[in-house]
Amino acid sequence: MPLGAPQCGAITAGSPIAPGRLGSANLLGKSRSLPGEHRLKRAQRRRQNSFVCRATLDQAGLLDPMHLLQWPMVVAGTVATAACAGAVLDARRKTGLPDLRYQRTKLNQAIMKACPSLSSIYSACPFLTNCHVETIFAALFRRDPGVMYYRRCVIMPDGAAIAVDYELLEPKLELPQDAPVLLLLPGLTGGSHDVYVQHMVLQARRRGIRAIVFNGRGTSDSPVTTPQFYSASYTEDTRRVTNYLREEYPHSTFFAAGWSLGANILLRYLGEEGQEGNRLQFAAAASLCNPFNLPISNANFEKGFNRFYDQRLAQSLSTIFRRHMPLFLNRNNEMNPELAVKCKTIRQFDDAVTRVAFGWPSVDAYYEGSSSSLSLPHIGLPLLCIQAGDDPIAPYEAIPFKELEANENCILSVTPAGGHLGWVSPSDPRGAPSVHESVVDFFSAVLEHTPAKTAASDAQQDALQPEPQPVLVDR
């Protein structure tokens, strides 16, 4: 080949250069691999790195078949450990002192001193710190104490029968006839069969208090004999059952406690008695997870997962109504039995039946006028209100802080967590709600620091009152 002849692969002046098709040397004189050579070298490097990696793992014994079988277990263990750590940390975050609000009166200070459980740290249960998880866990998995009852029916003026359940005990466990009496009002569609109610019955009896359960019309398999259920503000059944029990136990001091809608009804009753100047039938009362402001609480049902509770409670109302539907047919042109049977929300049922039966012009008027927050200024006895800060059914926004703090008889405790009817204890997740101890402590403290209040003592006080003297008028 003559000198100066172009070499194979070299670039001569004036030769066209295709983009991306440079040979072994570029214009700057630097060598560059052909595309095929580059891919070959890259594959060789990968094989070399893979060999080194396998050699390292083999040297460590990690390619042993037994080790390979353990890898899924290691990963699962790591994930479980991380989940446990997260659950514990979240429980610690929601563990803390309750938000206590009350006036520093002499009686309130004595009660707080006698009830250390009211001011102690609330401990959230790991894995149950989500309000929905805790609410559902408590409803489904709380241990059933198996309380046995015997029932009496108190007949109302309209012919309705109100079922009142007493704990059935062996003679050796019977309480004295003059033991304090605790009247319990369960939540919407609830009754003596509910597990949280049974736990309160047991805890009260262990402290020497006789618990009696008030079952609203149609609940807990109680009979419905008239075309009327109960409502958030109808208190006449509560009033008459209370009078009946005070006649049965004239030498006993009476307390009352309610949950959810039962708490709303209880406070409405206490407010009416105070507003009318009637003699108080109870020495003290407790309200747990009270919805207080019904318009706010009902609107809260429309948010996210809360719709699940709304549908479930509406289904329970519809089931009770369906059993007694013939009583409601052709009774009132405004009542809508068809809607009540098919209702998907509590609001639909209340619009179809409740507000009509009790004479409210609209369901909004019914909610607005039936809220127990309206009754707080008129309550004249020691009242303990316990709420959970994350309650999905009785929301934090519905708590009437101003009205509660303005009444010197009220003590408010808001726990950092607890769900609705939950308050699961970390020491016994399937046991009684942790706040039940505070309720019983509260009643015991009131019993210790206030004069005995019984039907017999009221009658004796009336006997000591001087008879009114006739007024003489000069003519």
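Of the 475 residues in the protein chain, 46% are buried, a term used here for under 20% relative accessible area, with exposed meaning over 50% and partly exposed anything in between (1.4 Å probe, protein chains only). The model is a predicted one, in which local features need pLDDT of at least 70 and side-chain atom pairs count only at pLDDT 80 or more, while totals for chains, interfaces and linings use all residues. Residues are numbered from 1 along each chain as its sequence is written, and side-chain values use heavy atoms, with hydrogens and water left out.

The protein chain holds 17 helices and nine strands; these are DSSP runs numbered from the N terminus, helices being H or I with at least four residues and strands E with at least two. Among contacts in the protein chain with a separation of 6 or more, 77% come from residues 24 or more positions apart, where contact means heavy atoms within 4.5 Å.

The buried residues of H10 are Asn306, Tyr309, Asp310, Leu313, Ala314, Leu317, Ser318, Ile320 and Phe321. They lie on the same side of H10, because they cover an arc of only 165 degrees around the axis, the arc being that of the directions from the helix axis to the C-beta atoms. Their packing partners are H5, helix H9 (294-300), helix H11 (325-328), helix H12 (337-342) and H13.

On the H5 side, His132, which belongs to helix H5 (residues 131-141), makes a side-chain polar contact of 2.8 Å with Tyr309. Such a contact is a pair of N or O atoms within 3.5 Å; within protein, one must be able to donate a hydrogen and the other to accept it, and residues adjacent in sequence count only if both atoms are side-chain atoms. Beyond residues up to four places away in sequence, His132 touches Phe305, Asn306, Tyr309 and Pro392.

Aromatic pairs number 19 in the whole structure. Rings of Phe, Tyr and Trp (its six-membered ring) pair if their centres lie within 6.5 Å, and planes under 30 degrees apart count as stacked, over 60 as edge-to-face and the rest as tilted. Phe305 and Tyr309 are edge-to-face because their ring centres are 5.7 Å apart and their planes stand at 85 degrees. Phe305 is partly exposed at 40% relative accessible area, whereas Tyr309 is buried at 6%. Phe321 and Phe349 form another edge-to-face pair, with 6.1 Å from centre to centre and 85 degrees between the planes. This pair links distant parts of the chain, joining H10 (residues 306-323) to helix H13 (residues 346-357) across 28 residues.

Elsewhere, helix H8 (residues 261-275) is largely enclosed by the rest of the structure, because 13 of its 15 residues are buried. Gly277, which follows H8, has a positive phi near 75 degrees. His436, in helix H16 (residues 436-449), is buried at 1% relative accessibility. A polar contact of 3.4 Å joins its side chain to that of Gln203.
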